[in-house]
Amino acid sequence: MMEELFERIRREYGIEIKDKNDMTNAWRLVETLKDSGWVVYIITAKDREQVDAWHPDHGTIFAQFGENPRFKSVMEGILTVALLAKELEKNGTL
């Protein structure tokens with residue numbers, strides 16, 4: 001699952017995520033989203049992890065551990081939100 005996300009991020013953004021611990025390049029992805037006008041929220045707390053993004057032209061994307069869209073780590077949440085943002089930018093819809 002994660003390898004597929006890494007490959008999709010490489011294709012869509014040109015950013016190489018080496019493994020699930022490569023937060024340096026995941027942060028590059030967050031910065032890329034920011035540069036495209038997205039506001040990215042990453043919230044971590046006991047029993048709660050959330051990655052969300054908002055754009056004035058595209059609205060909000062919500063990803064929370066255990067909810068829709070599901071993810072198992074903050075890394076996976078960042079990648080998922082980035083791919084959903086790209087889909088909104090390309091197609092105007094998810």
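**Salt bridges, surface and fold**

E7, R10 and R11 are joined in a network of salt bridges, a salt bridge being a side-chain nitrogen of Lys or Arg within 4 Å of a carboxyl oxygen of Asp or Glu. This is a predicted model, in which local features need pLDDT of at least 70, side-chain atom pairs count only at pLDDT 80 or more, and totals for chains, interfaces and linings use all residues. Residues are numbered from 1 along each chain as its sequence is written, and side-chain values use heavy atoms, with hydrogens and water left out.

Start with the overall layout. The protein chain has three helices and three strands; both kinds of element are DSSP runs numbered from the N terminus, with helices being H or I of at least four residues and strands being E of at least two. Going along the sequence, the order is α-α-β-β-β-α. The radius of gyration is 12 Å, close to the 12 Å that the globule rule gives for 94 residues, so the chain is as compact as a globular protein of that length. Here the radius is taken over C-alpha atoms, and the globule rule is 2.2 Å times the number of residues to the power 0.38. Along its principal axes, the C-alpha trace spans about 30 × 25 × 20 Å. Of the 94 residues, 40% are buried, where buried means under 20% relative accessible area, exposed means over 50%, and partly exposed is in between (1.4 Å probe, protein chains only).

Back to the charged pairs. Side chains of opposite charge can pair when their charged atoms come close. A search of the whole structure turns up four salt bridges. In one of them, R11 meets E7 with N and O 3.8 Å apart. The two residues sit four apart in helix α1 (residues 2-13), so about one helical turn separates them. R11 is exposed because its relative accessible area is 54%, while E7, at 32%, counts as partly exposed.

E12 pairs with K90 in a salt bridge, and their closest N and O atoms are 2.8 Å apart. Since E12 belongs to helix α1 and K90 to helix α3 (residues 74-91), this pair ties together parts that are 78 residues apart in sequence. E12 is partly exposed at 30% relative accessible area, whereas K90 is exposed at 54%.

Helix α2 (residues 23-35) has a pair of its own, with K34 and E31 three residues apart and so separated by about one helical turn. The closest N and O atoms of this salt bridge are 2.8 Å apart. K34 is partly exposed, with a relative accessible area of 48%, and E31 is also classed as partly exposed, at 28%.

Next come the aromatic rings. K86 lies over the face of Y13, 4.5 Å from the ring centre; for such a contact, NZ of Lys or CZ of Arg must be within 6 Å of the ring centre and within 35 degrees of the ring normal. Ring-to-ring pairs are another matter, as the count of aromatic pairs is zero. The rule asks for ring centres of Phe, Tyr and Trp (its six-membered ring) within 6.5 Å, with planes under 30 degrees apart called stacked, over 60 edge-to-face and the rest tilted.

V39 is placed in strand β1 and is partly exposed at 32% relative accessibility.

The loop between α1 and α2 holds G14, which is exposed at 55%. G14 is 15 residues from L29 in sequence and 9.4 Å away in space, C-alpha to C-alpha. K20 is found in the loop between α1 and α2 and is exposed at 59%; its C-alpha atom is 9.1 Å from that of F6, 14 residues away along the chain. A85, in helix α3, is buried, with a relative accessible area of 0%.
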